[in-house]
Amino acid sequence: MDGKGGSFVAVRRISQTAGRGHGYHPPPGSTVWIGKGISCVCAQGIKSEAHLIFDLTSSQEQCLHRLQRRIAIVYDSSKKEHQEALKAIWGAAYPGVELLGLISEQWKDMGWQGKDPSTDFRGGGFISVENMLFFARNYPRSFQDLLQKQNGERALWEYPFAVAGVNITFMLIQMLDLQLARPRSFIAAVFLKLLSENDQAFDIMYCIAFMLMDQQWLTMHASYMDFNMVMKSTRRRLEQELLIKSVSRIEDLPSYRLLAR
């Protein structure tokens with residue numbers, strides 16, 4: 001807790017290269033301020049590499065556990081709630097167009113690989129359904145722009161919208177260490193601070209990442225075979241934005257301005 005009552009994430013850096021170099025090495029257990037409301041508690045080991053251990057506030061732990069519970073839910077096509085969420089995505093994507101069934105050739109128009117979208121959700125879980133529905137409901141203009149590929153000079157072989165969305169969910173889970181008990185990167189720790197300020201931070205981050213991915217796609221003049229390269233570029237850009245000193249809320253990320261309601 002700082003003097004203004006704000007919370008911070010404590011980071012223990014366990015240096016396993018003690019004795020190398022001539023820089024300043026804080027004594028074991030000392031706290032060092034490293035910016036963005038995050039402090040580093042340093043301890044020394046005896047081997048060759050350094051590790052970071054992040055201590056979370058109670059609020060951050062609670063936010064992380066809530067998000068992890070969402071991530072752990074597997075998409076189950078037999079559950080009414082999951083069926084209704086999938087139908088809601090269709091309704092938001094194509095208002096006024098009747099969906100003929102949860103298994104239908106119509107789903108291919110949205111960018112699913114086959115007529116049963118549940119097979120594509122396996123990689124992202126139910127949270128990937130929630131992310132997409134959040135995007136459609138909260139930023140419908142941006143959602144439709146990407147779905148219909150309305151911006152920029154498009155490639156002959158475009159990325160499939162729906163499958164790209166599932167990949168973005170999976171990428172964010174990996175990037176932000178959300179399947180671990182504790183974050184192992186500074187970027188993940190920064191995100192948890194944003195999450196403690198706004199419990200919708202992950203869903204908003206998904207929307208930002210989707211818009212940013214499309215922007216990168218256009219900038220790189222990418223085609224279908226370049227999708228993995230575009231995703232890597234998107235991840236690097238997000239990581240850079242999370243490290244900006246002035247970012248204290250999810251809405252402070254520069255690419256947030258790409259979103260339109």
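# Close-up views of a predicted model

**Figure 1. Overview of the chain.** The secondary structure of the chain consists of eight helices and four strands. The model is predicted. Read from the N terminus, the elements follow the order β-β-β-β-α-α-α-α-α-α-α-α. The chain has 261 residues, and buried residues account for 47% of them. Of the contacts between residues at least 6 apart in sequence, 69% join residues at least 24 apart. The chain exposes about 13500 Å², with carbon and sulfur atoms supplying 51% of that area.

**Figure 2. Lysine 149 in the loop between α4 and α5.** This loop runs between α4 (140–147) and α5 (161–175). Lysine 149 counts as buried because its relative accessibility is 17%, under the limit of 20%. Lysine 149 is not a glycine, yet its phi is positive, at about 55°.

Figure 3. Lysine 149 is buried but has no salt bridge. Glutamate 158 is the nearest side chain of opposite charge, and it is 4.6 Å away; a salt bridge would need a side-chain nitrogen within 4 Å of a carboxyl oxygen. A polar atom of the lysine 149 side chain lies 3.2 Å from the backbone oxygen of tyrosine 159. When neighbours within four places in sequence are left aside, the residues in contact with lysine 149 are Gln144, Arg154, Glu158, Tyr159 and Phe161.

**Figure 4. The aromatic pair of phenylalanine 143 and phenylalanine 161.** The count of aromatic pairs comes to 13. In the pair of phenylalanine 143 and phenylalanine 161, the arrangement is edge-to-face, with 5.2 Å centre to centre and 90° between the planes. The pair links distant parts of the chain, since phenylalanine 143 belongs to helix α4 and phenylalanine 161 to helix α5, 18 residues apart. Phenylalanine 143 is buried at 1% relative accessibility, and phenylalanine 161 is buried with a relative accessible area of 2%. Phe161 is also among the residues in contact with lysine 149.

**Figure 5. The aromatic cluster that includes Phe143 and Phe161.** One aromatic cluster is formed by Phe135, Phe143, Phe161, Tyr206 and Phe210. Within the chain, Phe143 is in helix α4 and Phe161 is in helix α5.

**Figure 6. Aspartate 177 in the loop between α5 and α6.** Aspartate 177 is found in the loop that leads from α5 to α6 (186–197). Aspartate 177 has a positive phi of about 55° and is not a glycine. With a relative accessible area of 7%, aspartate 177 is buried.

Methods:
Residues numbered from 1 in each chain as written. Predicted model: local features only at pLDDT ≥ 70, side-chain atom pairs only at ≥ 80, totals over all residues. Heavy atoms only, no water. Helix = DSSP H or I, 4+ residues; strand = E, 2+ residues; numbered from the N terminus. Buried < 20%, exposed > 50% of the residue type's maximum accessible area, 1.4 Å probe, protein only. Contact = heavy atoms within 4.5 Å. Areas by Shrake-Rupley, 256 points an atom, 1.4 Å probe, with all protein chains shown as cover. Lys, Arg positive; Asp, Glu negative; His and termini not counted. Polar contact = N/O pair within 3.5 Å; in protein donor to acceptor, adjacent residues only side chain to side chain. Phe/Tyr/Trp six-rings, centres within 6.5 Å; stacked < 30°, edge-to-face > 60°.
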